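Please have a look at the structure below before reading on. My notes follow in numbered points, and each can be checked by eye.

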Amino acid sequence: MRMPRRLLFPSAIALAVALAAVVGCGGSGGDKPTTALSHDARGSLTVWDYYGSATPIKPAIAAFHKAYPNVHVNYQAYDYDTIAQKFPVAVSSGSPPDVATIDMTLLPTYAANGTLSDLSALSGGKVNGEPIGRVYPRSALDAMTFDGHYVSMLYDFDAYALYYRADLLARKHLPVPHSWSQLRSVARQLAEPPDRSRFQVLPDTFHFAQMLFQQSGRILTPDDRKAAFDDEAGVSALGMMKGFLDDHSGVYWGADQGDSSGIEGVKDGRIAMFENGPYVMGILKQSAPEQRGKWRVAPAPVGRQPGSYLGGTGLVIPANANHKEAAWAFTQFLLRPDQQIGVYKYAGAAPATAAALASPELTKPDPYFGGQAPFTVFRQAMNTATHFPYVKQWPDVDGAITDAVTAALLGKASPQKALSQAADKVDGILGG
Amino acid sequence: MGSWAASPRLRIVRARRRGPTRRVGAAYAMLAPALLTAGAFLYLPMLLSAYWSFTDYNGIAAPHWVGLGNYRELLASADFRHALRNTVEFTVLSMTIGPGLGLASALLLNQRIRFRGFFRTAYFLPVITSLVVVATTWKIMLNDRGIVNDVLRFVGLPGHAWLADPSTALPSMVAASVWQGFGFETVVFLAALQSIPSELYDAASVDGAGAWARFRYVTLPGLRPTVLFVFVIGIIGAFQVFDQAFVMTQGGPLDSTKTIVYYLVDRFQALELGKASAVAYLLLVILAAVSLLQFRLFSRRGDRTR
């Protein structure tokens, strides 16, 4: 029997909704440039962080405290899912944090609903005295922009490259794949005995988009009003993913298998190749130290053109944050090159600012990857990466695409049929 | 006035009149904290939530009145109907198997068997274990390389992707829920079984009733209020299933485990608070209707057996 304690759940939802009305919230309009926070400034600010134990934010707080000794930082650590659930509740109930880490894929929903501060106005167009346009690469600036203004500062970025077991490829005298056909061929040969190690196939929008963008495809039409992923490029991209499963050179990695990094499969040898973002470097080092020296990173094999999904972690200041001046000071502090290097140093992820990406710390050889400097590969991927469409219905669009990809990969529908049905659904969502 | 005031009878009458008033006042004073708390944190939010279910509201901008628009959209939504169908399937499966197992184990434990206390504790332990822990454990057990598939392969049967296959994901979730919860039904049924007077069984035996007849005409009628309790509480809980789907499958694959509350949370995360409130009230109406139906059904049966 399901326990009656769950009766509390709708009440909690109702409570959160009710508090929003009682407290009342401000809109995003009206953000003005903040003056520089003085060394003697007093006050406190609340920071939400989803990085977990390997966070670069917590160590930064000590340094921030030296710069602003009278500003107390109320640091609150949550996991990724918790922040995704708590953020809208906190903002709508009028008790938001001052700074939060947010997955960039959630940005359109939050921004479209006016929950985020206008950082273009708040910053006066500069980060740490430098024009924002010079702090980030072009693709990052696009990702941070909603409705003509910045709503987030990219803290770490996510663009995909190919991770592969160099030792297995070398043993079978296989080349590092550069094209889709080479990738399929190498995957087939890796799957043969004795290794039986495969390419990881994830049924999600991220990995479908990776293939789609490489086929010059788009998720939505340029005006964001209709689905565009069901064209020839989309069918080809999904067909490519399904091909790995059809010839048993890929391992289907659904939610039941574990998290999307596939670390369990990496450790037990089921996975020899996968496409993912730079954050997985940290996971590999932490969770599979015994495989040190065996992995390498290469640009994702190309279909028609290089391309990648672009995401990552954004620093946001809620529209109704109580201490915006201190929040912006803290955000700038986290984007200083020395603090950005901490993203790599502590979390093993990729810092987003151009200065940090060019620093020797990130471009030096990494023994875990056999002396390779893998960040240069991800930096290259970032230059041709595209963020997901910024429509407020994105969670529903994402869900429809994920269902289509899952249906096709599980053999419940052909790629064409699955994508066509999803496109009809998405057209309805965007038109509704 | 003097004689009136001095009348002992009147003093008693006045004292009697003042007594209940004082007592009622004291009762209200003692109830006030609970009433105020419930009013502020339960009933007021429920009323406001009811209002928002008739609005387009994202929690930030002012709500915009849409009348029955949210309800119409939900009832026309294939996704909502799919979530409702999943929830009904989950409820039917879990409320068939769970109470059945609970009653069966209670009947066994009601016998004079050794280690009865141990079994009672063993059955009840999962009930006090966190649902998230239970769901995570089952997720690991049902994994491609989990113990369930290991056992199947050991006996020469092929393994199965239980949680990755849309046709087996929901039944897998039911299995985890039943395992976690049937100990509660066991304890409740056991307590009810032990309250049925043994004289009734003795009388039935004297009348020549066999085991089945004793169960049919003595045990089951004796358990009627308990069965009603188990089903009302169980169905309310089952309709609100969320944790298992969130941990084990995240509503997938292909939305095969997306339940009404999961759908509600989705709407909430998409900042469609008006629609999320409408889902909550539709759920409330469904549960009220189902509970009423159960009360009617059980009271009619009760009337017939009298």
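1. A caution comes first. This is a predicted model. Please read every value below as computed from that model.

2. Start with helices α10 and α11 of chain A. Helix α10 covers residues 205-214, and helix α11 covers residues 232-246. Their axes lie 8 Å apart, and the packing angle is about 120°. Angles of 65 to 115 degrees would count as roughly perpendicular, and those over 145 as roughly antiparallel. The crossing of α10(A) and α11(A) is right-handed.

3. Which residues make this contact? From α10(A) come A:His207, A:Phe208, A:Met211 and A:Leu212. From α11(A) come A:Ala233, A:Gly234, A:Ala237, A:Leu238, A:Met240 and A:Met241. By class, the contact of α10(A) with α11(A) has eight nonpolar and two polar residues. It has no charged residues.

4. Now turn to helices α19 and α20 of chain A. Helix α19 spans residues 394-409, and helix α20 spans residues 415-431. Their axes come within 8 Å and cross at roughly 170°. That angle is why α19(A) counts as roughly antiparallel to α20(A). The crossing of α19(A) and α20(A) is right-handed.

5. On the α19(A) side, the contact uses A:Asp396, A:Val397, A:Ala400, A:Asp403, A:Ala404, A:Ala407 and A:Ala408. On the α20(A) side, it uses A:Pro415, A:Ala418, A:Leu419, A:Ala422, A:Lys425, A:Val426, A:Ile429 and A:Leu430. Sorted by class, the contact of α19(A) with α20(A) has twelve nonpolar and three charged residues. No polar residues take part.

6. Next, the cavities. How many cavities of 30 Å³ or more are there? The count comes to four. The largest cavity has a volume of about 70 Å³. Its lining is A:Phe199, A:Gln200, A:Val201, A:Leu202, A:His207, A:Met211, A:Met241, A:Phe244 and A:Glu275. Elements β10 (198-201), α10 and α11 of chain A each give two or more residues to this lining. The largest share, three residues, comes from β10(A). The lining of the largest cavity has six nonpolar, two polar and one charged residues.

7. Link this back to point 3. A:His207, A:Met211 and A:Met241 line the largest cavity. A:His207 and A:Met211 of α10(A) and A:Met241 of α11(A) are also among the residues in the helix contact.

8. The second largest cavity holds about 60 Å³ of space. Its lining includes A:Met104, A:Thr105, A:Pro108 and A:Ala143. Also in the lining are A:Tyr309, A:Leu310, A:Gly311, A:His387, A:Phe388, A:Pro389, A:Tyr390 and A:Trp394. Strand β14 (residues 308-316) of chain A gives the largest share, three residues. Nine of the lining residues are nonpolar and three are polar, with no charged residues.

9. Last, the second largest pocket. About 610 Å³ of space lies in it. It is lined by 22 residues. The closest to its centre are A:Val251, A:Tyr252, A:Gln257, B:Asp144 and B:Ala161. Strand β11 (residues 250-252) of chain A gives the most to this lining, with three residues. The lining of the second largest pocket divides into eight nonpolar, five polar and nine charged residues.

Definitions and conventions:
Residues numbered from 1 in each chain as written. Chains lettered and ligands numbered in written order. Predicted model: local features only at pLDDT ≥ 70, side-chain atom pairs only at ≥ 80, totals over all residues. Heavy atoms only, no water. 1 Å grid on protein atoms, 1.4 Å probe; cavity = no way out; pocket = protein on both sides within 12 Å on 5 of 7 lines; lining within 4 Å. Points joined across faces, edges and corners; volume = space filled by probe spheres on them. Helix = DSSP H or I, 4+ residues; strand = E, 2+ residues; numbered from the N terminus. Nonpolar A, V, L, I, M, F, W, Y, C, P; charged D, E, K, R; others polar. Axes fitted to C-alpha atoms, helices over the stretch in contact; angles between N-to-C directions. Left-handed = near helix turned anticlockwise from the far one by under 90°. Contact = heavy atoms within 4.5 Å. Parallel < 35°, antiparallel > 145°, perpendicular 65-115°, else oblique.
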